[in-house]
Amino acid sequence: MTDPTTENEQEVAVVGAGLAGCLLACFLARRGHRVALYERRPDPRTGAAERGRSINLALSERGLDALRRIGLEERAMADALPMRGRMIHPVAGPLDFQPYSRDGDRAINSISRAALNDALLDAAESAPGVKIFFNHRLTGLDPDTGEMRHETPEGTVRVTAPVIIGADGAGSVVRGQLLAAGVLEENLDFLDYGYKELAIPAAHGDFALDPGALHIWPRGTSMMIALPNPDRSFTCTLFWPAGGPAGFASLSSPAAVERHFREHYPDLPPLAPALVEDYLSNPVGRLGTVRCGPWQVNGTVALLGDAAHAIVPFYGQGANCAFEDVAELDRCLAETGDSWRLALPLFEQRRRENTEAIARMALANFVEMRDRVASPWFQLGRRAEHALERALPGVWLSRYELVSFSTMPYARVARRVRRQRLALAGVAAALASVAVGRVRAGGRVVPTLPHGLKGMGGAPVAVRNACPQPGDIPARPAFEDLGVPPRPQGVGGGSGGGAPSFGKVGAPPGGTSRPKAGGGSWGRVRGKENA
C-alpha cells in the first residue's frame with residue numbers, strides 16, 4: 001500500500017470510499033487532480049457484506065446521468081433490474097400494479113449496492129493520480145491547516161491536504177470535526193420510525209415475486225417494501241414505528257413475530273423461510289434528515305452527498321442525489337478554472353435549495369407509500385394524472401416523472417408541480433361555477449363556459465394555458481436539464497434559484513442539533529435508496 005505521507009501536499013483528500021466518494025475521485029482524476037481516497041473499512045471487494053445492510057438501491061436518471069459522464073453507465077447497468085411500477089400487496093384481495101410513467105415504459109433500476117461500489121472502486125483505482133487507503137479511520141481534522149489524523153492497524157497517520165472533501169455518509173466524521181471546531185452547525189431530524197431488513201430467497205431458481213416491480217405492503221401506520229436482486233432474491237425492508245403496539249419494540253419472541261406476519265403480511269411467511277430469524281437478528285436502523293451549514297469552510301474543506309444532506313429513503317433519491325452533487329461540483333470547477341475557493345461556495349449555493357426540496361418530497365412520499373397507494377381515490381388520481389400527461393404531452397408531467405426520469409433541478413420540479421396543481425384547482429373551481437351559474441333556455445340547462453374554457457371540452461385549454469410552457473423556461477438545448485432521450489413531447493429545464501442561506505453557521509429550525517462531534521457514530525441514519 002502506498003504511503004499516504006509522501007508527496008501528498010498537492011492531493012485532494014476525499015474521505016469516504018463509498019458510492020459518492022469513489023465517483024468524485026473518478027471525476028477529479030478526469031480533471032487532472034491527484035486524489036487520496038481514505039476509507040475506514042477494509043477493502044469491501046475482499047469481504048462479506050454487513051448483515052442487515054441493504055444490498056440494493058434504486059438508480060434512476062440522475063444517477064445514471066453522472067455515471068454516463070465518465071463512461072460507467074453500461075457497467076453499472078449490466079445486472080440492473082428495471083422496475084416499471086409499484087406492486088401493491090393488500091392484506092386480502094388481488095395484487096395491484098401501478099406504473100410509474102403514463103405509458104408504463106420508464107423504470108427505476110434495482111442495482112446491487114455492493115457491485116456498484118466495487119465497480120466505482122475499480123474505476124477510481126485505475127484512474128491516473130488516484131490512491132486509495134483502506135483501514136484509515138479519521139479521528140482528527142484541523143480545518144485551518146488541512147491536517148488530518150487517521151487511526152490505522154499500523155498506528156496513527158498524520159497527513160495534510162490543501163482540499164478535503166467529506167463524502168463519508170450520513171454519520172460523517174468530517175461533519176463532526178467541523179462541528180467540534182465551531183465552524184458548522186447541524187440539525188438532525190429523526191422520524192419516530194425505524195427500518196429492518198428481511199430477505200425473500202429465490203424459489204426453485206426463479207424470482208418468488210414479479211421482478212419488474214417495486215413491491216409495497218402498505219399498512220397505514222407502517223409498511224414493507226421489496227426490491228429484486230440479480231441473484232433472484234428480494235431484499236425486504238420494514239418501515240415501522242419504533243414503539244407502540246405495531247412497532248418494533250412490541251415483537252420480541254418468535255411466536256409474536258410469526259403471529260404478526262400471518263395477520264398483517266399473510267403472503268410473506270411462505271416466501272421467507274428465514275423470516276423469524278432475520279427479524280430477531282437484524283438490527284433496527286434509524287431514519288432521519290440531516291441539515292447542516294455551511295457545507296464548506298474557507299474553500300478548503302467541504303461536505304458532499306449524505307454527509308451534507310442525508311434524506312429519508314422514500315423517493316429513491318439518496319444515491320441519485322449524491323451522484324448529482326458530484327456532477328454539479330464538476331461543473332462548478334469547470335466554470336471557475338478549478339479554483340476550489342470559488343467552486344465550493346458556488347456548489348453550495350446551487351445545490352442547497354435543491355437538496356432541501358428533495359428532502360421535503362421524500363418525507364411526503366413516505367405518507368403516500370404508507371397510507372395512500374392502496375386507496376381507490378389515490379389510484380383514480382394517478383390514472384387521471386397519467387391521462388393529463390397523455391392529453392398534454394410535454395406540458396403536464398407528474399412529480400414522480402420529473403424526479404425519477406429527468407435531471408430537472410429538484411426545486412424547479414417542486415415549483416412546477418405546484419403550478420400544475422394550482423392550475424388544475426382553478427379549472428375545477430371554474431367548472432363548478434359553470435354548473436352553478438347555468439342559464440335556462442327552452443327547458444334545457446345550457447352551461448355558460450367562462451372565457452378560456454372553450455375548446456377541447458374547456459378544461460384542457462385552461463390547464464394548458466395555466467401550466468408551465470416550454471417557453472416559460474429559459475431557452476437552452478432541448479432536454480438538457482431533463483436529461484432524457486428526446487421524445488415527441490419536449491420539455492425545457494433550468495437551474496434551481498437562490499438557495500436558502502444558513503447565514504454564518506445557523507441551522508434551520510426544528511430537529512435536534514448535535515451538541516458535539518460524535519466521530520460519526522450518531523446512529524444508523526442511512527440514505528437507503530428506495531422508491
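## Strand 2 and its neighbours

A36 has K131, a residue of strand 8, as its bridge partner. Strand 2 (35-38) and strand 8 run parallel and are joined by four bridges, two strands being counted as paired if DSSP finds at least two bridges between them. Strands here are DSSP runs of E with at least two residues, and helices are runs of H or I with at least four residues, both numbered from the N terminus. This is a predicted model, in which local features need pLDDT of at least 70 and side-chain atom pairs count only at pLDDT 80 or more, whereas totals for chains, interfaces and linings use all residues. Residues are numbered from 1 along each chain as its sequence is written, and side-chain values use heavy atoms, with hydrogens and water left out.

On its other pairing, strand 2 runs parallel to strand 1, again with four bridges, and V12 stands opposite V35. In a regular strand the side chains alternate between the two faces of the sheet. In strand 2, V35 and L37 point one way while A36 and Y38 point the other way, and all are buried (buried means under 20% relative accessible area, exposed over 50%, partly exposed in between, with a 1.4 Å probe and protein chains only).

Strand 18 and strand 19 (residues 301-303) run antiparallel and are joined by two bridges, with V301 in strand 19 as the bridge partner of V297.

Strand 1, helix 1 and strand 2 make a right-handed β-α-β unit, meaning that, with the strands pointing away from the viewer, the path from the first strand over the helix to the second runs clockwise.

## Helix 9

Helix 9 (residues 318-335) has 18 residues and reaches 26 Å from its first C-alpha to its last, close to the 26 Å expected at 1.5 Å a residue, where the expected span is 1.5 Å times one less than the number of residues. Because 15 of its 18 residues are buried, helix 9 is largely enclosed by the rest of the structure. Just after this helix, G337 takes a positive phi of about 65 degrees.

## Salt bridges

A salt bridge is taken as a side-chain nitrogen of Lys or Arg within 4 Å of a carboxyl oxygen of Asp or Glu, and by this rule the count comes to 31. One of them joins R31 to D338, with the closest N and O atoms 2.9 Å apart; R31 lies in the loop between helix 1 and strand 2 and D338 in the loop between helix 9 and helix 10 (340-372), 307 residues apart. R31 is partly exposed at 27% relative accessibility, as is D338 at 26%.

E324 and R62 also meet in a salt bridge, at 2.9 Å from N to O, which links helix 9 to helix 2 (residues 61-69) across 262 residues. E324 is buried at 9% relative accessible area, and R62 is buried at 1%.
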